[in-house]
Amino acid sequence: MTISRLIQLSFLPVFLLVFLVLPARCIEITPFAGYRIGGSLEDDLTGVEMDLADAENYGVVVNFDLSPGKQIEFLYSHQETKVQVSPTFIISPDWQIDVDYLHFGGITVYNNHSHFRPFVAGGIGLTRMDPERFDPESKLSLSLAAGGKLFFSENAGLRLEARSYWTFFDNNSAIFCNNSGCRILVEGDAWWQFETNVGLFLHF
């Protein structure tokens, strides 16, 4: 069983355990929307280099208070995009790909008595890549984020952040398999994407 599969199986029980142990008043929920860039691939048959088209993303962050300024964080972020060989040419209008991140981590928030509170956050979890032409792939990934929370009241406000993701592969590994074999290459051993997000949070 792979590390990615183990993380996928253990993620939900960990979330449920935290939810049951911590009181409901300690929960912060932030639905968000944003814009994601990055992600390079190569066609193993033709040698054509490809990029994922920049596209919108959306998701949700759920936080649980640990102590003043520190929280456990669960993040889900989803992007629907296409594979392209240049900014103006899409290989196929039918070749779409969904990229999801499911991460568990933590966040540290500063200036806890001000209306605007900067933060840094990080997480570990899964990247799931689901192309229409090939079988889906799930890989281990890390993320780092920085941003700020603008409080409208004690329990509500606006969350702004920039977040980078690194997904780990075997060096120059082939992915996206179907009946014809594995066709798409990832150059190097880490695959990078970056997104900026904005969302409204409620703290209970």
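How many nonpolar, polar and charged residues does the lining of the largest pocket have? In this predicted model, the lining divides by class into 3 nonpolar, 7 polar and 6 charged residues. The lining comprises 16 residues, and the pocket they surround has a volume of about 400 Å³. Nearest the centre of this pocket lie Asp 65, Gly 69, Arg 117, Phe 151 and His 203. Three strands each supply at least two residues of the lining, namely β4 (55–67), β5 (70–86) and β9 (137–153).

The average pLDDT of the protein is 84, and 77% of the residues score at least 70. Over residues 3–7, however, pLDDT stays under 50. For this stretch the model has 9 contacts beyond four places in sequence. Where pLDDT is low, predicted coordinates should not be read in detail.

The strand pairing may be followed from β1, which spans residues 27–37. Strand β1 pairs with β4 in the antiparallel sense, over 10 bridges. Within this pairing, Glu 28 has Asn 63 of β4 as its bridge partner. Strand β1 is also joined by 8 bridges to β13 (residues 190–203), and these two strands likewise run antiparallel. Here the bridge partner of Ile 37 is Phe 194 in β13.

When residues up to four places away in sequence are not counted, Pro 31 touches Gly 59, Val 60, Gly 199 and Leu 200. The C-alpha atoms of Pro 31 and Val 61 are separated by 6.4 Å, although the two residues are 30 apart along the chain.

Aromatic rings provide another set of relationships. The structure holds 5 aromatic pairs. One of them is formed by Phe 64 and Phe 74, whose ring centres are 6.0 Å apart and whose planes stand at 90°, so the pair is edge-to-face. This pair links distant parts of the chain, with Phe 64 in strand β4 and Phe 74 in strand β5, 10 residues apart.

A final point concerns the backbone. Most residues other than glycine have a negative phi. Which value does phi of Asn 111 take? Phi of Asn 111 is near 55°, a positive value in a residue other than glycine. Asn 111 is placed in the loop between β7 (96–109) and β8 (116–131).

Methods: Residues numbered from 1 in each chain as written. Predicted model: local features only at pLDDT ≥ 70, side-chain atom pairs only at ≥ 80, totals over all residues. Heavy atoms only, no water. 1 Å grid on protein atoms, 1.4 Å probe; cavity = no way out; pocket = protein on both sides within 12 Å on 5 of 7 lines; lining within 4 Å. Points joined across faces, edges and corners; volume = space filled by probe spheres on them. Helix = DSSP H or I, 4+ residues; strand = E, 2+ residues; numbered from the N terminus. Nonpolar A, V, L, I, M, F, W, Y, C, P; charged D, E, K, R; others polar. pLDDT = per-residue confidence, 0-100. Contact = heavy atoms within 4.5 Å. Pairing = 2+ DSSP bridges. Phe/Tyr/Trp six-rings, centres within 6.5 Å; stacked < 30°, edge-to-face > 60°.
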